[in-house]
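Subject: Structure handover

Hello,

Here is the structure we discussed, for you to open alongside this message. My notes on what was found follow below it.

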Amino acid sequence: MTPGSTSTESSVSKFLPNPKTVAPKAGVDKGPIHLVEAGLPEQLRQLGWNVVFDGHHLFEEISIQDDPPIGILKNPRQVSKVCEAVAKTVGSHAKNGQLPLTLGGDHSLAMGTISGTLSQYPNACVIWIDAHADINTASTTDSGNIHGMPVSFLLGLESTIPEFAWVKPKLTADRLVYIGLRDIDAGEKRILKENNIKAFSMHEVDKYGIGKVVEMALDHVNPKRELPIHLSFDVDALDPSVAPSTGTPVRGGLTFREGHYICEAIYETGCLVSLDLMEVNPSLADADAVKQTVAVGCSLVRAALGETLL
């Protein structure tokens with residue numbers, strides 16, 4: 001999808017041509033299409049974006065048959081193939097001067113989305129909004145769920161799985177920052193410290209307030225506000241009272257306004273070139289909770305793409 005020019009100077013993109021175009025890519029389960037069916041493409045058109053949406057990417061050609069675990073890693077071949085396809089799709093849209101908007105699906109998709117962004121913007125920084133660090137390796141994961149591992153692949157910390165050899169370690173630790181962490185495995189804490197990765201947990205949000213945290217996060221990865229930004233937003237960063245229909249809810253998360261402030265502030269930099277909204281899962285809650293989470297998801301995307309309160 002792409003917005004046209006707007007009246008506020010802060011919304012002028014440093015990287016996207018006008019009229020700005022956004023290309024939504026729905027993910028691989030029912031959550032993403034709920035966002036589309038809730039009217040997200042038309043909502044973005046009303047914000048002035050030129051929206052290019054060519055359908056729900058189901059990746060039907062990628063079979064889950066004959067995909068035994070590698071060690072304890074679950075569905076490794078399917079995850080790899082889907083993420084590689086996503087990387088090519090996102091990279092193609094980015095090269096065309098469009099802003100890829102990826103609606104997931106679980107957060108393993110970020111291997112694909114961020115790889116695609118970095119293929120066009122190799123100096124891009126990543127702002128990762130999540131309750132979880134998603135930086136486990138094959139040796140630290142207890143669950144074997146690859147959605148808890150994508151950052152380790154992107155940084156080159158996990159390179160022992162041949163099926164993921166296509167993921168090039170183009171992301172560097174100094175170009176990554178987390179906001180909203182509150183459920184971190186012991187192995188992940190060690191990885192974060194050993195690699196000097198900047199992370200703002202909910203403790204820092206409580207201590208400094210979300211405005212100061214976003215400023216500090218941007219100062220770390222993008223001090224001159226001149227680098228492209230990939231924003232990867234997992235809705236479980238929000239408190240479950242705000243977004244209940246998600247795969248791994250953890251109490252004590254971001255409020256509705258804190259989540260929206262992050263999106264608004266990043267849009268104001270003029271540096272946003274790619275956006276993920278992940279982990280909206282309608283199969284895990286009742287109808288009212290699903291409706292609430294989908295509405296919040298749409299609202300976050302609008303905020304990240306220029307909607308303001310005034």
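A residue counts as buried when its relative accessible area is under 20%, as exposed when it is over 50%, and as partly exposed in between. Arg302, at 17% relative accessibility, is therefore buried. Please keep in mind that this is a predicted model.

Salt bridges

Side chains of opposite charge can pair when their charged atoms come close. The structure holds 6 salt bridges; three of them are described here.

Arg302 pairs with Glu307, and the closest N and O atoms of this salt bridge are 3.1 Å apart. While Arg302 is buried, Glu307 has a relative accessible area of 28% and is partly exposed.

Asp67 and Arg77 form another salt bridge, with 2.8 Å between the closest N and O atoms. This pair links distant parts of the chain, 10 residues apart: Asp67 is in the loop between β2 (50-51) and α3, and Arg77 is in helix α3 (residues 76-95). Asp67 is buried, because its relative accessible area is 10%. Arg77 counts as partly exposed, with a relative accessibility of 25%.

The salt bridge between Arg190 and Glu194 has its closest N and O atoms 3.9 Å apart. Both residues belong to helix α6 (residues 186-194); they are 4 residues apart there, so about one helical turn separates them. Which side of the cut-offs does Glu194 fall on, buried or exposed? Its relative accessibility is 58%, so Glu194 counts as exposed. Arg190, at 44%, counts as partly exposed.

Nonpolar cores

The largest nonpolar core has 87 residues, and Ile127 and Tyr178 are those with the most contacts inside it. Helix α10 (residues 287-304) supplies the largest share of this core, 8 residues. Another core lies apart from it and has 5 residues, including Val82, Val86, Leu109 and Met278.

What does Ile127 touch, leaving aside residues up to four places away in sequence? The list is as follows:

- Val177 and Ile179
- Leu218 and Val221
- Ile229, His230, Leu231 and Ser232
- Ile266

Best regards

Methods:
Residues numbered from 1 in each chain as written. Predicted model: local features only at pLDDT ≥ 70, side-chain atom pairs only at ≥ 80, totals over all residues. Heavy atoms only, no water. Core = buried A, V, L, I, M, F, W, Y, C linked by side-chain atoms within 4.5 Å. Buried < 20%, exposed > 50% of the residue type's maximum accessible area, 1.4 Å probe, protein only. Helix = DSSP H or I, 4+ residues; strand = E, 2+ residues; numbered from the N terminus. Contact = heavy atoms within 4.5 Å. Salt bridge = Lys/Arg side-chain N within 4 Å of Asp/Glu carboxyl O.
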